[in-house]
Amino acid sequence: LGTDGITGIGAQIKSLTAGGAGAKAGLKEGDVITSVNGAVVPSSEALVAAVRGFNPGQKITVGYTRDGQKNKAEVTLGSDGGTPTQ
């Protein structure tokens, strides 16, 4: 939350895929992702854009807030199962 106690930045996790990258890294529903590799994540759209900049199998560090406490998790990215384009 910002200094006003109301506004904030980040992308709140609404759901996780069982066995997915986030779940394996220990992230939980309700966590708010605030950074990827140190870069601020102001919104869910920014989170998607940031993660798409990496390849499946790469490790990223995700900053997040849970119950008002700041934390970090190392996430090994998976694949969405899509067909690669050429």
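Reader: Why are the side chains of Lys 59 and Glu 74 said to meet in a salt bridge?

Author: The N to O distance between Lys 59 and Glu 74 is 3.8 Å. Lys 59 lies in strand β4 and Glu 74 in strand β5 (residues 69–76), 15 residues apart; helices (H or I, at least four residues) and strands (E, at least two) are DSSP runs, numbered from the N terminus. The model is predicted: local features need pLDDT of at least 70, side-chain atom pairs count only at pLDDT 80 or more, and totals for chains, interfaces and linings use all residues. Residues are numbered from 1 along each chain as its sequence is written, and side-chain values use heavy atoms, with hydrogens and water left out.

Reader: What makes Lys 59 count as buried or exposed?

Author: Exposed means over 50% relative accessible area, buried under 20%, and partly exposed in between (1.4 Å probe, protein chains only). Lys 59 has 53% and is therefore exposed. Glu 74, at 52%, is likewise exposed.

Reader: How many salt bridges does a search of the whole structure find?

Author: The search finds 2. Besides the pair already described, Asp 31 forms one with Arg 66, the closest N and O atoms being 2.8 Å apart. Asp 31 is in the loop between α1 and β2 and Arg 66 is in strand β4, so this pair ties together parts that are 35 residues apart in sequence.

Reader: How are Asp 31 and Arg 66 classed by accessibility?

Author: Asp 31 has a relative accessible area of 1% and is therefore buried. Arg 66, at 23%, falls in the partly exposed class.

Reader: Why is Ser 35 called buried?

Author: Its relative accessibility is 16%, so Ser 35 falls under the 20% limit. Ser 35 belongs to strand β2 (residues 32–36). Leaving aside neighbours within four places in sequence, Ser 35 is in contact (heavy atoms within 4.5 Å) with Val 40, Val 41, Thr 61, Val 62 and Gly 63. In the chain as a whole, 21% of the 86 residues count as buried.

Reader: What is the order of the elements from the N terminus on?

Author: The elements run β-α-β-β-α-β-β, with 2 helices and 5 strands in the chain.

How values were computed: Salt bridge = Lys/Arg side-chain N within 4 Å of Asp/Glu carboxyl O.
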